[in-house]
Amino acid sequence: MWFPPLIIGIFLAPESPWWLVRKERYEDAKKSLLRLTSPKTDPTFDAAETVDMMRHTNELEKDLTEGATYLDCFKGVNLRRTEIVCMLFVSQNFAGNTFSNYSTYFFEQAGLTGDIPYDFALGQYGLNTIGAFFVWTLMAWGVGRRTLFLVGLTGLFLTLLTLGFIGFVPESHRHSASLATGSLMLVWAAFYQFSVGTVAFSLVAEMSTRRLQVKTVALSRVAYNMAAIVVNVLTPYMLNPTAWDWGNFAGFFWAGTCFIVLVYHYFRLPEPSGRTFAEMDLLFERRIPARKFKTTHVNAFDVALGHQITNGKPEATHYDNV
């Protein structure tokens, strides 16, 4: 039933300005940008200037990665970008995503009966639906993607840890503990969909270089599927009463994996907000630490084609906010 609306939507969708620039259809790229932007939101937006930046970025990346192959994703500075992109999708699995996919079964094992497990699961998927819209609002207010991702992982870690501790509640209070478990799973779903579940897709596109983007994203989905195989094998054993029968204590395991990816992204995930693709390329090329991406000054036009710093142009300078 979904094919007709999808076909119509794809047919009516405007061409990507980046694709049009790569095809040297600059006027069409400008028209596409004007369709995708609103003068009311940003009165200073200049489509022609943006197309010029896109042309410069495209030529710069051509110069850096001419004739690129999958091997180039693992060479030089691109290795760092590939690693970050792969870990973004892997983190979705290790943040407890598969745990939530078994939510209805988990609620039943936790002691909820009748329609209650279904109601909690339905509420969880309802939060999934509105998560993307909520994140759009936060980003429109200027909240960075790195900030959203780290705050979300922190919330997931604390929620999973609390789920584990509920497992120590005595059997005499099993019903109350079950309701608390269902409520916490809704909290988990809110944190996940308002951050890790949605923001990862934006970050994956921004972390990879334009010329290697398709290859890098393909590798990231391979990493995601490999991680998914592991967690999909482990989770049924954790929850099944005839196997490991961990129940709520499974929350401790996923809290541990969630904490690991939280530490990883704190040190490795840069903030792309407010940066053009060309600026991101230069920041990676100059090996700027992830936590300094937001405060490092860099001008993409300071680099000439041929991958050389033009005469009289300054290097990237870091300014600490005090």
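User: Why is Asp72 called buried?

Analyst: In this predicted model, Asp72 has a relative accessibility of 19%. Buried means under 20%, so Asp72 counts as buried.

User: What makes Asp72 and Lys75 a salt bridge?

Analyst: The closest N and O atoms of Asp72 and Lys75 are 4.0 Å apart. A salt bridge requires a side-chain nitrogen of Lys or Arg within 4 Å of a carboxyl oxygen of Asp or Glu, and the pair is accordingly listed as one. Lys75 itself is partly exposed, because its relative accessibility of 46% lies between the limits of 20% and 50%.

User: How do you know that Arg81 and Asp281 form a salt bridge, and which parts of the chain does the pair link?

Analyst: The closest N and O atoms of Arg81 and Asp281 are 2.8 Å apart, and the cut-off is 4 Å; the pair therefore qualifies as a salt bridge. Arg81 belongs to helix H5 and Asp281 to helix H12, so that distant parts of the chain, 200 residues apart, are linked. Both Arg81 and Asp281 are buried. The structure holds 5 salt bridges.

User: Why are Arg25 and Asp28 called partly exposed?

Analyst: Arg25 has a relative accessible area of 36%, and Asp28 has 30%.

User: Is Thr82 buried or exposed, and why?

Analyst: Thr82 is buried, because its relative accessible area is 3% and the class covers values under 20%. The residue is located in helix H5, which spans residues 77–101. Apart from neighbours within four places in sequence, Thr82 contacts Cys73, Phe74, Thr216 and Leu219. A further relation across the sequence is that the C-alpha atoms of Thr82 and Ser208 are separated by 6.9 Å, although the two residues are 126 residues apart along the chain.

User: What makes Phe168 exposed?

Analyst: Exposed means over 50% relative accessible area, and Phe168 has 57%; Phe168 is therefore exposed. Phe168 lies in the loop between helix H8 (145–166) and helix H9 (174–207).

User: Which residues form the nonpolar patch on the surface?

Analyst: The patch is formed by Phe165, Phe168, Ile229, Val233, Tyr237, Trp244, Trp246, Phe249 and Phe253, which together have about 920 Å² of accessible area. Helix H10 (residues 213–239) gives the largest share of the patch, 3 residues.

User: What lines the largest pocket?

Analyst: The lining of the largest pocket has 19 residues, and Trp18, Leu33, Thr37, Phe45 and Thr50 are those nearest the centre. The space in the pocket is about 670 Å³. At least two lining residues come from each of helix H2 (17–22), helix H3 (26–36), helix H4 (47–65) and helix H12 (277–285), with H4 giving the largest share, 4 residues.

User: How many residues does the chain have, and what share of them counts as buried?

Analyst: The chain has 322 residues, and 43% of them count as buried. The chain contains 12 helices and 4 strands. Of the contacts between residues at least 6 apart in sequence, 70% join residues at least 24 apart. The accessible surface comes to about 17,200 Å², with 63% belonging to carbon and sulfur atoms.

Key
Residues numbered from 1 in each chain as written. Predicted model: local features only at pLDDT ≥ 70, side-chain atom pairs only at ≥ 80, totals over all residues. Heavy atoms only, no water. Buried < 20%, exposed > 50% of the residue type's maximum accessible area, 1.4 Å probe, protein only. Contact = heavy atoms within 4.5 Å. Patch = residues over 30% accessible without salt bridge, like charges linked within 9 Å, V, L, I, M, F, W, Y side chains within 5 Å. Areas by Shrake-Rupley, 256 points an atom, 1.4 Å probe, with all protein chains shown as cover. 1 Å grid on protein atoms, 1.4 Å probe; cavity = no way out; pocket = protein on both sides within 12 Å on 5 of 7 lines; lining within 4 Å. Points joined across faces, edges and corners; volume = space filled by probe spheres on them.
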